[in-house]
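Dear colleague,

Please find below the sequence and structure for your study. My notes follow, arranged by topic.

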Protein chains: 2
Amino acid sequence: MKQQEIPYKIYLEEQEMPKEWYNVRADMQKKPAPLLNPETLQPMGAKDLEGVFCAELVKQELDDNTAFIQIPDRIRDFYMMYRPSPLIRAYCLEEKMQTPAKIYYKFEGNNTSGSHKLNSAIAQAYYAKEQGLKGVTTETGAGQWGTALSMACAYFELDCQVFMVKLSHEQKPFRREVMRTYGASVTPSPSLDTEIGRKILAEYPDTNGSLGCAISEAVEAAVKQDGYRYVLGSVLNQVLLHQSIIGLETKLALDKYDIHPDMIIGCSGGGSNLGGLISPFVGEKLRGEADYRIIAVEPASCPSFTKGVFAYDYCDTGMVTPLSKMYTLGSRFMPAASHAGGLRYHGMSSILSQLYADGMMEARAVGQREIFEAAEQFARCEGILPAPESSHAIKVALDEAQKCKETGEEKTILFGLTGTGYFDLMAYGKYHDHQLSDHVPTDAEIQAGLAGLPKV
Amino acid sequence: MKQQEIPYKIYLEEQEMPKEWYNVRADMQKKPAPLLNPETLQPMGAKDLEGVFCAELVKQELDDNTAFIQIPDRIRDFYMMYRPSPLIRAYCLEEKMQTPAKIYYKFEGNNTSGSHKLNSAIAQAYYAKEQGLKGVTTETGAGQWGTALSMACAYFELDCQVFMVKLSHEQKPFRREVMRTYGASVTPSPSLDTEIGRKILAEYPDTNGSLGCAISEAVEAAVKQDGYRYVLGSVLNQVLLHQSIIGLETKLALDKYDIHPDMIIGCSGGGSNLGGLISPFVGEKLRGEADYRIIAVEPASCPSFTKGVFAYDYCDTGMVTPLSKMYTLGSRFMPAASHAGGLRYHGMSSILSQLYADGMMEARAVGQREIFEAAEQFARCEGILPAPESSHAIKVALDEAQKCKETGEEKTILFGLTGTGYFDLMAYGKYHDHQLSDHVPTDAEIQAGLAGLPKV
């Protein structure tokens, strides 16, 4: 047995679990730009948003100033079933790589949804229940969010209607069964169930679907049914707020052992995990108390930070949602069908977008073959089979650990391991069979997506 | 937040993890009967077994007297990546059921193999590596053991050849990909790669395979290749020894909070989990220090305890393995193809068989529809999606908790939650679509199986 003081897995005690979420906006001098009404182009207030979202969640969405928001007891009760999540020292990986780097990862996959998404799902279901609603609608891409929301709704006995990106629905038949086990209904998107779905299908009959399109359908379904609201698993300010539990626990665990990470790495699709993980660290950075290098990792096939623009755009393909100022590839951009690794969203959290624009973090795009290679290397050492999404962060963590090996620097690397890949084995199979290609959008494809940006 | 003193999840510290396995045979007055040579019918010694098994594992297999055996450091290092596993209080389930019972479960699913099988896989791979072998062969049914062994072999860089029961190979394509991710080769059994496989296929060309048949092939493959040995994930004494870590950790966690279980419930196929979980408790019972009710739960479609006989039998279908005295349905017994829930082995650990014959435990057989019903009820409260195997134990735990509700008794129920059901979603889907049937073998089928018992 190794004699080091730092255990393999740092588990906080249940009573140490944070009692409040942290709202990084409170410490941002430049606040994220407000949502705009898609018709009037005016900033939206609570009244405008409450038709779509639960009232309490709207408050959280619009609150740029309260730094700490109490986590209700019933949400904490649920969190207790799978949190605090472990912060793991990658001893085996370090040894196999022979790197002087110290590698830590916050593992959010030890729950049936298989990812961090449950942290916000249970919060959103709770507020829907408190408001006396019958149910909620949502979209899901890879299926993690849909599964998480199904679990949360089962717990509070709420109806749960999920629009699932068609490609994922076909590639991940078992995801549907998990959601059914938790009592949810699952519809492949685009569908004939909504006006916007019918319209998109008429225009693109062979489409594989996209998150942006599934969002449009879910919003329509929420608005048209009595007692329903729409919930979203990423992008929104409220989601980053709920996900701050990841970063808060991580910080507590690090502080316990006096560990200071030199860099913090997270995958970024809509920003839910990255935003949650880095929030308290960015807070320190914003307040001038500490400095960290922060790296967002996105797929080269859907590169909103590295190839997109910082502009107002629709959050969905159907252009029914509010406009958000964010790094975007354009709401009509659809990543190549060959892209297996999740993180397929055209836009990005407006909080993270503002932080990136302000130089608080950097971004890197990686190809899908290299992320599966990193995933396999990681799995064989550390045991855990990572989700392709999470493997974006692993890839960059491995790159940085390799640099340390070359320079001899003993850097401390922290990354977010957002989830497990048990439902991604078709993609792993394609990787094993050398059937994965790396489609990087051409400049013309990027320009075509951006050409659809609204004039604001 | 609940105010009770007992947390949702009792995690031992890493340094509290047991340093020795416990060998329950040392406390048994009536020892399990020795393995017999299938040709001479004489008890087998180390020399007879070392052609098939690793030398150190043979020692453990034959050691009826040493109560505690040290866990080597490198195995403990690996255990640290996923152990100690949590002992969980089912607060939410208790509340939803409105039962006065206190329900605890030891959860072994928080690792990529998805079950307790990894505890013995890493031990067996370690001893193979220490002996300087090139690789190991094995069989797998539902795929948990094969996955576990693949992970263990990847860690020690050993070749891993898995014969997978044909039905599971077809129903669980993604299991194959996990094993490939960890570098193993996977062959559906019966196969044309072995003599015994060809013979079985000639006789039963449409067979779905069975564990007994896959064992025959794996043993043949091990014996015929230089530098290979055969390893087995259940049934053997050595496996129960390694799995005692489950029970030892459980006992430590219970003692920490002064909890005394009234009953201990585990699913039983070959006995690896049940044997591991109950070992230290049975030890106390054997030494007259404490009493517990112990319940083995098996599928009604493969009821070795409840419908089998206690007799010497082959461990495999091909009749190439040693004879073991155990509760058995006959080595040619094959559970119905419609049986989805794992635990398909015709026999039973000889340790558990002896304990059952001596009245130290009871057994119950349950149907597969009721186990999926229990699984779904459990998942919706406790979050975790259980493996069908584990759900046998859940079913009986729910029954017992329901009895407490009716009688008002505040019993403490402990059960083993051996693993997760992420690779069993085809079976869950069949359950949702009402396509699962309960095939219970007829008396004639039982008699046909038993007619093949060797005359010893």
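**The sheet in chain A**

In this predicted model, chain A contains an open sheet of seven strands, arranged in the order E1-E4-E5-E15-E10-E11-E14, and the pairing within it is mixed. Strands E1 (9-10) and E14 (362-366) of chain A stand at the edges; each has a single partner strand, so one side of each is left without a neighbour in the sheet.

A:Lys9 has A:Ile88 as its bridge partner in E4(A).

**How the two chains are related**

Chain A is superposed on chain B by a rotation of 180° with 0.0 Å of shift along the axis, and the RMSD is 0.0 Å. That is the relation of a two-fold axis. As for the interface, 100% of the interface residues of chain A are also interface residues in chain B, so the copies meet through the same surface.

**Cavities**

The count comes to eight cavities of 30 Å³ or more. The largest cavity holds about 520 Å³ of space. It is lined by 43 residues, and those closest to its centre are A:Phe107, A:Asn110, B:Phe107, B:Asn110 and B:Asn111. By type, the lining of the largest cavity divides into 24 nonpolar, 14 polar and five charged residues.

**Backbone details in the loops**

- The peptide bond from A:Ser189 to A:Pro190 is cis, with omega near 5°. A:Pro190 belongs to the loop between strand E8 (185-189) and helix H9 (195-203) of chain A.
- In chain B, a cis peptide bond joins B:Arg83 and B:Pro84, with omega about -15°. B:Pro84 is found in the loop between helix H3 (73-80) and strand E4 (87-89) of chain B.
- A:Val235 is not a glycine, yet its phi is positive, at about 65°. The loop that holds A:Val235 runs between strand E9 (228-230) and helix H11 (237-256) of chain A.

With kind regards

Note on methods:
Residues are numbered from 1 along each chain as its sequence is written. Chains are lettered from A and ligands numbered from 1 in the order in which they are written. This is a predicted model: local features need pLDDT of at least 70, side-chain atom pairs count only at pLDDT 80 or more; totals for chains, interfaces and linings use all residues. Side-chain values use heavy atoms; hydrogens and water are left out. On a 1 Å grid over the protein atoms alone, a cavity is a set of points where a 1.4 Å probe fits but cannot get out, and a pocket is an open set with protein on both sides within 12 Å along at least five of seven lines; lining residues have an atom within 4 Å of a point. Grid points are joined across faces, edges and corners, and a volume is the space filled by probe spheres set on the points. Ala, Val, Leu, Ile, Met, Phe, Trp, Tyr, Cys and Pro count as nonpolar, Asp, Glu, Lys and Arg as charged, and the others, Gly among them, as polar. Two strands pair if DSSP finds at least two bridges between them. Helices (H or I, at least four residues) and strands (E, at least two) are DSSP runs, numbered from the N terminus. Copies are superposed by least squares on the C-alpha atoms of residues with pLDDT of at least 70 in both. Contact means heavy atoms within 4.5 Å.
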